[in-house]
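Please read this briefing alongside the sequence and the 3D structure. The points are grouped by topic.

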Amino acid sequence: MPQASETEVLVAPTSQEVGGRLRRITTAGAIYDRLYADIVSLRMPPGMLLQEKRIADEFGVSRTPVREALLRLSEGGLVDIYPQSGTVVSRVPVQAIPEAVVVRKALEGTTVETAALTATADDIARLDAIIARQQAHAATGNASSFHEEDEAFHEAIAQISGYPGIWTILKTVKVQIDRARRLTLPVLGRMDNVVHEHIIIRDALAAHDAQAARSAMIHHLSAVIPDVDELRARYPDYFC
């Protein structure tokens, strides 16, 4: 198979990106994006061995951009690199989750409070469309698509607030929360609860009630992760 250019590639926008334009990223960036998505979604579960050669062959590149992508994932706490043994998907560090929730509450409490003061009818319509898609995914039990729309909801609020960079920061901070949440969404009724909590936040924004919006967001984020000890007991190989 001929090797692709290892400088730049064009990729289609994700469902959460606005404008529909192609994004220009490096080959290492494209590999990182794919592996990141697979790890966070648990398509690549904790403990899975990642073989450089297999990844390089799949993308039609040398091992150099693969190593760059794996190093970046390692820096983000998503893979463990053992020089003599190889690279494996890291376990979810339990101790990182409470701190990440605190950071989310602080930053998203600010964005939702600000958004409540500036939200327009179009902004509320945008949130309504996201919630409608979440309801449809909840009805069919599509946890993966539901999670994508959950991300879109919180990102939209950051954008409405005028602080889109906060969401960029949070995506890094909450990555371990996202991995654990993938284990909770299949729980009966959890997706419906999330939708209900989003509706309460949406209604507070529509009413321009900053205090109610912040309170609803803090409550919502408090319920993001249930009993971590219970998750750890249920999936002992996934946590550390």
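In this predicted model, Tyr-32 has a relative accessible area of 13% and is buried, since that value falls under 20%.

**Aromatic pairs and a charge over a ring**

- Helix 1, which covers residues 27–40, holds both Tyr-32 and Tyr-36. The two are four residues apart, about one turn of the helix.
- An α-helix has 3.6 residues a turn, so residues three or four places apart point the same way.
- Tyr-36 has a relative accessible area of 23% and is partly exposed, whereas Tyr-32, at 13%, is buried.
- Tyr-235 and Tyr-238 form a stacked pair, because their planes meet at 15°, and planes under 30 degrees apart count as stacked. Their ring centres are 5.8 Å apart.
- Tyr-235 is partly exposed at 27% relative accessibility, and Tyr-238 is partly exposed at 23%.
- Arg-72 lies over the face of Tyr-32, at 3.7 Å from the ring centre.

**Helix 2 and its buried face**

- Helix 2 spans residues 52–59, and its residues Ile-55, Ala-56 and Phe-59 are buried.
- Viewed down the helix axis, the buried residues of helix 2 fall within an arc of 100°, so they line one face of the helix.
- Arg-54 and Glu-58 are exposed on the other side of helix 2.
- What do the buried residues of helix 2 pack against? Their partners are helix 1, strand 3 (49–50) and helix 3 (63–75).
- Gly-60 follows helix 2 and has a positive phi, near 70°.

**The sheet and the helix across it**

- Three strands make up an open sheet in the order 3-5-4, and the pairing is antiparallel.
- Strand 3 and strand 4 are at the edges and have a single partner strand each, so one side of each is left without a neighbour in the sheet.
- Strand 4 (residues 79–82) and strand 5 (residues 86–89) run antiparallel and are joined by four bridges.
- Strand 4 and strand 5 form a hairpin, with three residues between them.
- Tyr-82 has Gly-86 of strand 5 as its bridge partner, while Asp-80 stands opposite Val-88, also in strand 5.
- Helix 3 lies across strand 3, strand 4 and strand 5, and runs at about 115° to strand 4.

- Is Gln-134 buried or exposed? Gln-134 is buried, with a relative accessible area of 0%, and its place is in helix 5 (residues 121–140).
- Leaving aside residues up to four places away in sequence, Gln-134 touches Phe-146, Glu-149, Asp-150, Val-194, Val-195 and His-198.
- Ile-97 is in helix 4 (residues 96–118) and counts as buried at 2% relative accessibility.
- Ile-97 and Ala-180 are 83 residues apart along the chain, and their C-alpha atoms are separated by 8.8 Å.

- Which residue in the loop between helix 1 and strand 3 is of interest here? Leu-42 lies in that loop, and its phi is near 70°, a positive value in a residue other than glycine.
- Leu-42 is buried, with a relative accessible area of 17%.
- His-208 is not a glycine either, yet it has a positive phi of about 55°.
- The loop that holds His-208 runs between helix 9 (190–206) and helix 10 (210–222).
- His-208 is partly exposed, at 43% relative accessibility.

Methods
Residues numbered from 1 in each chain as written. Predicted model: local features only at pLDDT ≥ 70, side-chain atom pairs only at ≥ 80, totals over all residues. Heavy atoms only, no water. Buried < 20%, exposed > 50% of the residue type's maximum accessible area, 1.4 Å probe, protein only. Contact = heavy atoms within 4.5 Å. Phe/Tyr/Trp six-rings, centres within 6.5 Å; stacked < 30°, edge-to-face > 60°. Lys NZ or Arg CZ within 6 Å of the ring centre and 35° of its normal. Pairing = 2+ DSSP bridges. Arc of directions from axis to C-beta. Axes fitted to C-alpha atoms, helices over the stretch in contact; angles between N-to-C directions.
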